[in-house]
Amino acid sequence: MKHLLAIDELGLDGLNALLNLTDHMVEINQRPVPKVPALRGRTVASLFFEDSTRTRLSFETAAKRLSADTMTFNVSTSSVNKGESLRDTVATITDMGVDAFVVRHKSVGIPWQISEWTKASIINAGDGAHQHPTQALVDCYTIREATHAKSFSGMHMVIVGDIKHSRVARSNIQAFSMLGAAVTLVAPPTLLPPDVSHWPVSVSHNLDDVLPQTDVLYMLRLQSERMAQGHVPTLREYSEQYGLTQKRVMNLQAQAIVMHPGPMNRGVEMQIDPSDVKNSLIHRQVANGVAVRMAVLFDLLGSGSNLAGQA
Amino acid sequence: MAKSVVGASSHEAMTRADVKRAIVRIAHEIIERNHGVEGLAIVGLQRGGTWIAKEIAAQINDIEKSVTVPVGALDVSLHRDDIGIRPVSLGAISDIPFDLSGATVVLVDDVLFTGRTVRAAMEGLNNYGRPRAVQLAVLVDRGHRELPIRPDFVGKNLPTHIGDEVAATSDGVTVTPGSQASR
């Protein structure tokens, strides 16, 4: 595997190979000294044109635990402000000797575009409303860890919220389907893409109807600017209909799992403290983020055998 | 790593009984060298060394009665010096559920060859603490070292050509001649 741009490019074997490799990385992270020399001499640059806490920090931590060197590109203090183009910026960093770029950008396809300009490996850390493949890997790994199920066949995943603007939803729909799960999207019509008929999903507008048949309840963040854009009448109305409340948690099956990719909007989609939800995996999602990204970096830069490509 | 290819031209270097006797002898030697089993821990290298580590530990427990020697398993793939040069094949996951600080660690592998796996293992051990001492036990030493590494306990010294395949299991050790050039 040269790049990780979208989750479906991995194929089922590639997806499973990365999840299996993550088991090794989890063990490394549990060691008293959680560091291996596997990527000594490699350099990973993070190129974030959009804000991020957990994705950027977990990639940088992952690179360091594999002994790679890291470079952080900060748009707000870079020569982009002097008018340097994206292409020139990438060329400049490439010339310093970079083996991988971790890219986040508000526009769809920028990671792919950069992959055409540089010899380095590109990891998509989120492009517009398109893809966020490492988040999907984190979520699949977290579900696998909690359920001990290597296939999600027979499981029902319910993704709730702003599907229309969510790259997390798009990557997760693909990943959950590849692993055999049934996926239902729950959202108001204004927060669904115009046509999802070619997606492997069912659609509902009523959260309470689907809760009793849910195995994994995946809550998406509602960005407050969606109200100004007219997608939802008021945040209060949205959270009444689609937010996770104590009452809704009671209507879940006993073993149902609750997830959220973060950052959360408390009081909007999360009307309840996640620590009050018995089967919340939100903290595991963050904890597994480092190990999953170690697996991705090692597969791209170190395996020499294209581990995920062959499985 | 040793592959279990037994062709017409391969020959048996150790029988099942030879392997068993060697393991019993190594267990005794470990106790003798360390004047007992105080602070001793056995770590097998994934995957070929883990069954031998368990066997040695079982023997030691049997001989010393009152103790249970901790046994771990270490996968050295991510500590190797040939990452990016050769394809990586990951073994089973490491499992060392005890602190190695101050312990006398006996590393166990099936076949000692270039010594590169052992070098990687010595580095990997330090992630789990600083052992007081590290010793090396192998079922077979087939020679051709590329690093200054020497085993402390050896089941059998087995002169080989560099291209030979050596396979070690509890059923015995076989050598399959290979081309001189292949490695």
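I began at V103(A), which in this predicted model stands opposite N124(A) in β4(A).

I then traced the whole sheet, which is open, has four strands in the order β2-β1-β3-β4 (chain A), and shows parallel pairing. I noted β2 (69–74) and β4 of chain A as the edge strands, each pairing on one side only, and I read an average twist of 15 degrees from one strand to the next.

Next I looked up the helices against this sheet. Helix α4 (residues 110–117) of chain A lies across β3 and β4 of chain A, running at about 160 degrees to β4(A).

I turned to the domains of chain A, where the assignment gives domain 1 as 7–132 + 288–303 and domain 2 as 133–285. I found their C-alpha centres 26 Å apart, with 24 residues from domain 1 of chain A and 24 residues from domain 2 of chain A taking part in the contact. On the domain 1 side, α1 (11–30), β4 (121–127) and α11 (282–301) of chain A are the elements that give two or more residues, and I sorted the residues of that side into ten nonpolar, ten polar and four charged.

Last, I checked the chain interface, where 14 residues of chain A are in contact with 16 residues of chain B; the chain A side divides into six nonpolar, five polar and three charged residues.

Notes:
Residues are numbered from 1 along each chain as its sequence is written. Chains are lettered from A and ligands numbered from 1 in the order in which they are written. This is a predicted model: local features need pLDDT of at least 70, side-chain atom pairs count only at pLDDT 80 or more; totals for chains, interfaces and linings use all residues. Two residues are in contact if their C-beta atoms, placed from the backbone, lie within 7 Å. Ala, Val, Leu, Ile, Met, Phe, Trp, Tyr, Cys and Pro count as nonpolar, Asp, Glu, Lys and Arg as charged, and the others, Gly among them, as polar. Domain bounds come from an automatic or database domain assignment. Two strands pair if DSSP finds at least two bridges between them. Axes are lines fitted to C-alpha atoms, for helices over the stretch in contact, and angles run from 0 to 180 degrees between N-to-C directions.
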